[in-house]
Amino acid sequence: MHTKTIKQLAEGLRAGTFSSVELTQHFLTRIEKFHALNAFITVTQEHALTAAKQADKRLAEGNAPLLTGIPFAHKDIFCTHGIKTSCGSKMLDNFIAPYNATVVDKLHHAGAVMLGKLNMDEFAMGSSNENSFYGAAHNPWHENVVPGGSSGGSAAAVAAGLAVCATGTDTGGSIRQPAAFCGITGLKPSYGRVSRYGMIAYASSLDQGGPMARSAEDAAILLQAMAGFDEKDSTSINEPVPDYSRHLTESLQGLKIGLPKEFFQHGLNNQIAQDIDNALNEYRKLGATIIELSMPTLTMAIPAYYVLASAECSSNLSRYDGVRFGHRCEHPADLTDLYLRSRAEGFGSEVKRRILMGTYALSAGYYDAYYLKAQKIRRLISDDFQHALTQVDVIMSPVTPSHAFTLGEKTADPVHMYLEDLYTIAINLAGLPAMSIPIGLSADTPEAPKLPVGLQLIGAYFSEAKLLNIAHAYQQVTNWHQLIPTGFE
Amino acid sequence: MLLTTNDVKKIAYLARLGIEDHDLEAFTHDLSNMLNLMTQMNSINTDEVEPMAHPLPQSQRLRADNVTETNQREHFQHLAPHVEDGVYLVPKVIE
């Protein structure tokens with residue numbers, strides 16, 4: 001049951017082949033069995049079985065939405081009323097959210113059955129899931145390899161068949177990079193497409209929630225339920241949501257694909273470059289033409305991103321002061337001591353580094369040199385994308401410079417870890433939608449395990465339907481998205 | 001290194017973030033490396049470029065001034081480390 005698509009499961013539920021309770025129990029059993037993956041921070045077993053019973057009732061009554069009775073899980077960044085919402089941090093280890101995120105409400109109303117809350121890098125800061133207070137999730141393709149981050153638990157759970165699909169969030173690549181590392185399909189929507197209400201903030205002008213699933217078809221169904229205007233989010237966009245599933249099967253004849261040459265230079269693993277070539281050949285066969293682009297400002301995306309994201313993080317995380325909720329130190333001597341020690345004890349090293357960096361970049365005397373400069377570069381990068389997307393329908397690139405790395409391999413040097421985000425972060429600066437789809441597996445050698453490879457598809461604002469269409473067309477002629485890691489069949 | 005341990009101490013205090021003395025060296029080292037990365041931005045000329053704060057050019061929406069939320073003080077105070085008589089408790093600020 002854990003290898004079926006949402007549509008197949010929906011048919012099974014409606015045909016009475018299995019009930020949502022049986023389906024939910026199947027996934028709960030798998031979560032227990034593969035506990036060592038550490039994909040979940042909280043498993044909401046009772047909640048899930050109650051929701052499954054309700055789903056079965058709704059299905060019996062007829063007219064239930066497509067996701068009714070489908071077991072999925074939320075990244076632990078989405079507030080869930082009455083359920084621990086930790087954001088991967090000790091700071092929120094005792095935080096029982098007093099309200100639901102809009103995305104949580106929406107999926108609840110769609111009838112989907114929440115299995116639990118997924119592991120993640122603390123406050124979504126990280127590219128390996130190793131910054132989680134609850135320990136790193138593992139990559140189902142190899143236990144010593146990272147699942148990517150920050151939505152590492154989401155990617156690991158979907159790849160291992162512990163949930164049909166999952167929510168993720170993406171500030172600099174946190175949906176796309178783990179999707180690539182775990183061989184699943186992930187979509188970061190256009191900024192403003194999915195409500196951020198109740199999604200714990202890291203860098204508010206970059207954060208965006210999106211679907212993580214086993215195929216573009218499933219991602220389209222999940223996005224359909226997540227997307228839409230929300231008056232509770234002041235940056236939500238009031239644009240109609242298209243029927244994503246209806247556009248999936250459109251022809252790619254005449255599609256123009258742009259390749260920014262800056263994304264194919266030094267640093268890209270040869271085998272990944274080869275896999276991308278092969279994928280591009282499939283697209284040629286589907287009727288696409290390839291056009292080389294030059295987007296010189298892309299190389300400035302990493303420094304600009306880490307200034308802006310750190311600056312926004314330092315302001316957003318100032319709310320964790322040990323007074324109204326979250327961790328508080330024991331026996332504070334005075335108010336300042338309360339702040340200093342509560343925050344020192346509640347935050348991990350990476351979060352501290354970014355708070356410090358952001359505080360510095362925003363402080364008097366340095367604001368223009370760092371923050372303002374980065375905002376100007378952000379404009380140039382955004383203009384570069386806007387210009388490129390007038391020449392082509394979609395931009396394609398690697399998602400990551402290399403395959404998933406070993407646990408512990410990059411933790412010693414934060415800057416080294418940041419360079420992992422080379423291909424994904426410019427897209428967040430521009431606010432555009434982008435996907436990662438699996439397009440290959442590395443060779444199996446004694447030294448290195450077989451690991452998935454992702455291809456990034458980048459589109460114009462609100463072109464999610466087009467991106468899903470382009471991804472789906474590829475998945476109709478290839479089977480990379482159907483591969484299952486050994487041991488999880 | 002671009003920063004000294006004293007700089008980091010000052011920044012940490014601005015951020016109200018306690019840093020243990022034995023961690024200062026490491027933070028100073030890491031932050032200096034991060035700043036090094038960021039100075040790469042200076043290789044691009046950005047005179048005449050309008051800074052971009054947000055991906056979509058939009059103004060804040062306005063709404064009618066109606067009450068839309070109910071007061072949930074007690075519910076929220078359940079989450080607090082220390083409350084008494086409906087107020088959040090912190091160490092004495094004024095003697």
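In chain A, helix 8 (residues 270–285) and helix 15 (residues 464–477) have axes that come within 10 Å and cross at roughly 95 degrees. This is a predicted model, where local features need pLDDT of at least 70 and side-chain atom pairs count only at pLDDT 80 or more, while totals for chains, interfaces and linings use all residues; side-chain values use heavy atoms, with hydrogens and water left out. Residues are numbered from 1 along each chain as its sequence is written, and chains are lettered from A and ligands numbered from 1 in the order in which they are written.

- Helices (H or I, at least four residues) and strands (E, at least two) are DSSP runs numbered from the N terminus, and axes are lines fitted to C-alpha atoms, for helices over the stretch in contact, with angles running from 0 to 180 degrees between N-to-C directions.
- Helix 8 of chain A and helix 15 of chain A are therefore roughly perpendicular (that label covers 65 to 115 degrees; under 35 is roughly parallel, over 145 roughly antiparallel, and the rest oblique).
- On the helix 8 side, A279(A), E282(A) and Y283(A) meet I470(A), A471(A), Y474(A) and V477(A) of helix 15 (contact means heavy atoms within 4.5 Å).
- By class, that contact has 6 nonpolar, no polar and 1 charged residues (nonpolar: Ala, Val, Leu, Ile, Met, Phe, Trp, Tyr, Cys and Pro; charged: Asp, Glu, Lys and Arg; polar: the others, Gly among them).
- Helix 4 and helix 7 (residues 216–226) of chain A pack at about 115 degrees, axes 8 Å apart, so helix 4 of chain A and helix 7 of chain A also come out roughly perpendicular to each other.
- Here V103(A), K106(A) and L107(A) from helix 4 meet L222(A), A225(A) and M226(A) from helix 7, giving 5 nonpolar, no polar and 1 charged residues.

**Where chain A touches chain B**

- The interface puts 68 residues of chain A in contact with 48 residues of chain B.
- About 5,300 Å² is buried between the two chains, with carbon and sulfur atoms giving 72% of that (buried area is the accessible area, 1.4 Å probe, that two parts lose on being put together, summed over both).
- The count between chain A and chain B is 1 salt bridge, in which the side chains of D30(B) and R353(A) meet at 3.1 Å, N to O (the rule: a side-chain nitrogen of Lys or Arg within 4 Å of a carboxyl oxygen of Asp or Glu).
- Helix 12 of chain A gives the largest share of the chain A side that touches chain B, at 12 residues.
- That side of chain A has 40 nonpolar, 15 polar and 13 charged residues.

**Salt bridges overall**

- Over all chains, the count comes to 12 salt bridges.
- One of them joins K117(A) and D76(A), with the closest N and O atoms 2.9 Å apart.
- This pair links distant parts of the chain, 41 residues apart: K117(A) is in strand 3 (residues 113–118), and D76(A) is in the loop between strand 2 (71–75) and helix 4 (102–109) of chain A.

- Most residues other than glycine have a negative phi, and most peptide bonds are trans.
- The G149(A) to S150(A) peptide bond is cis, with omega near 5 degrees; S150(A) lies in the loop between strand 3 and helix 5 (152–159) of chain A.
- N63(A), a residue other than glycine, has a positive phi near 60 degrees, and N63(A) sits in the loop between helix 3 (45–61) and strand 2 of chain A.
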